[in-house]
Amino acid sequence: MEIQRLNSDFGIAGQLDIFPGQGGFPMIKISNGSAKALISVYGGQVLSFQPHDQVEDVLFLSQQSEYVAGKAIRGGIPVCWPWFGPDPKGLQRPNHGFVRNQFWQIANTEAINGAETKVSLMFNETFKQENTWRQPFMLMLDITIGTSLQLKLTTFNTGDKPFSITQAFHCYFRVGDIKRVKVFGLEDCDYFDKLDQGSQKTQHGAVTVSREVDQIYIDAVKKLQIVDPVLKRRIHISSPNTSTAVVWNPWSKTSMKMPDLANLDYQKFICVEAGNIAFDLIKIQPGSQFSLEANYSLLAD
Ligand SMILES: O=P(O)(O)OC[C@H]1O[C@H](O)[C@H](O)[C@@H](O)[C@@H]1O
């Protein structure tokens with residue numbers, strides 16, 4: 001059985017176990033001296049991350065998520081690649097690219113010490129479909145679970161022509177009450193308001209959410225902070241190779257149209273997505289690589 005083989009190749013006694021999760025998808029369960037976590041091999045998606053000193057998960061995962069091949073799992077940290085948002089060529093390809101809707105492969109697992117576990121997932125160029133993506137590539141996603149969560153997504157151009165990508169870690173952060181959350185680090189940044197025909201505006205003060213928001217911040221600083229007075233914690237996000245970040249919450253009306261989200265779920269999460277988005281296009285030359293990195297850590301208030 002596939003799961004047994006994966007466990008004998010990649011399981012780590014007392015720290016990492018692979019099991020059939022919802023929809024039969026292989027899931028990686030980690031528990032080490034610092035935290036516990038759940039990673040779906042489908043989508044290369046971290047679904048849960050909870051340091052031992054936290055009462056609540058850092059991430060939000062919808063109870064109504066579908067676990068069906070071809071659909072994205074709603075919550076955790078979907079990987080948007082090789083484009084963020086709608087198909088840039090208008091060819092009806094999936095929103096946010098195609099790797100969040102496909103199975104990845106486990107490339108390696110490693111107990112760094114009793115307090116950190118590293119999982120490397122791979123998505124390679126054997127995935128080629130007419131009208132989807134014709135450029136040879138390889139993706140490696142390194143996930144390190146410790147007192148903080150570290151992600152590193154490396155794109156290798158294995159072909160003989162350059163290609164360009166946009167990408168993001170589409171994090172759904174669990175919050176106590178969306179109305180009381182503040183996001184710091186985007187003050188005075190310009191943003192494109194996707195709900196106002198993409199018009200360019202300037203952020204005054206911290207970002208707060210009291211209606212649907214879908215904003216692409218440009219020239220964003222590489223350190224953001226989500227302050228949550230209800231869960232009494234701050235989530236620090238640092239991402240060195242990005243200059244864009246998206247803040248999204250669907251609020252009530254849009255949530256109601258989303259079958260994989262309960263009507264009131266919008267109150268429990270905020271998406272703050274570090275990445276290379278919109279005009280922050282990354283061109284990768286043949287034989288070259290580019291890494292998107294992010295680190296998520298917590299401070300109690
Ligand atoms: O429903 P999805 O394809 O997962 O997209 C969910 C959301 O992702 C991002 O935050 C985009 O900026 C939004 O425009 C989009 O609605």
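User: What counts as a helix or a strand here?
Analyst: Helices and strands are DSSP runs numbered from the N terminus: a helix is H or I over at least four residues, and a strand is E over at least two.

User: And what kind of model is this?
Analyst: A predicted one, where local features need pLDDT of at least 70 and side-chain atom pairs count only at pLDDT 80 or more, while totals for chains, interfaces and linings use all residues. Residue numbers start from 1 along each chain as its sequence is written.

User: Fine. How many helices and strands does the protein have?
Analyst: There are two helices and 22 strands. The C-alpha atoms of the protein fill a box of roughly 50 × 45 × 35 Å, taken along the principal axes.

User: What share of the residues is buried?
Analyst: Buried residues account for 39% of the 301 in the protein. A residue is buried with 20 or more other C-beta atoms within 10 Å of its own, exposed with 12 or fewer, and partly exposed in between; the C-beta atoms are placed from the backbone.

User: Let's do the sheets. What is the strand order in the sheet of four?
Analyst: This open sheet runs S1-S2-S3-S4, with antiparallel pairing. S1 and strand S4 (45–51) are its edge strands, each pairing on one side only. Two strands pair if DSSP finds at least two bridges between them.

User: How many bridges are there between S1 and S2?
Analyst: Five, joining strand S1 (residues 16–20) to strand S2 (residues 26–31) in the antiparallel sense. Proline 20 has proline 26 in S2 as its bridge partner.

User: Which residue in that hairpin takes a positive phi?
Analyst: Glycine 23, with phi near 70 degrees; the hairpin of S1 and S2 has five residues between its strands.

User: How many bridges join S3 to S4?
Analyst: Strand S3 (residues 35–40) and S4 run antiparallel and are joined by six bridges. As a landmark, lysine 36 stands opposite glutamine 50 in S4.

User: Now the sheet of eight strands. What is its order?
Analyst: S6-S7-S8-S9-S22-S18-S17-S13, again an open sheet with antiparallel pairing. S6 and strand S13 (182–184) stand at the edges; each has a single partner strand, so one side of each is left without a neighbour in the sheet.

User: What links S6 to S7?
Analyst: A hairpin with two residues between them. S6 and strand S7 (residues 116–124) pair in the antiparallel sense over seven bridges, and glutamine 105 stands opposite methionine 122 in S7.

User: Over how many bridges do S17 and S18 pair?
Analyst: Six, in the antiparallel sense, with strand S18 covering residues 233–238. One landmark there is aspartate 228, whose bridge partner in S18 is arginine 233.

User: Changing topic: which residues are around the ligand?
Analyst: Ala72, Gly85, Asn95, His96, Lys194, Asp214, Val246, Trp248, Cys271 and Glu273. To be listed, a residue needs its C-beta atom, placed from the backbone, within 6 Å of the molecule.

User: Which elements give two or more residues to that shell?
Analyst: Strand S19 (244–249) and strand S20 (269–276) do.

User: What is phi of glutamine 197?
Analyst: Near 50 degrees, a positive value in a residue other than glycine. Glutamine 197 lies in the loop between strand S14 (190–193) and strand S15 (199–202).

User: Is glutamine 197 buried or exposed?
Analyst: Glutamine 197 counts as exposed because it has 7 C-beta neighbours inside 10 Å.

User: And where is aspartate 219?
Analyst: Aspartate 219 is in the loop between strand S16 (213–218) and strand S17 (223–228). Aspartate 219 also has a positive phi, about 50 degrees, although it is not a glycine.

User: Buried or exposed, for aspartate 219?
Analyst: Exposed, because aspartate 219 has 12 C-beta neighbours inside 10 Å.
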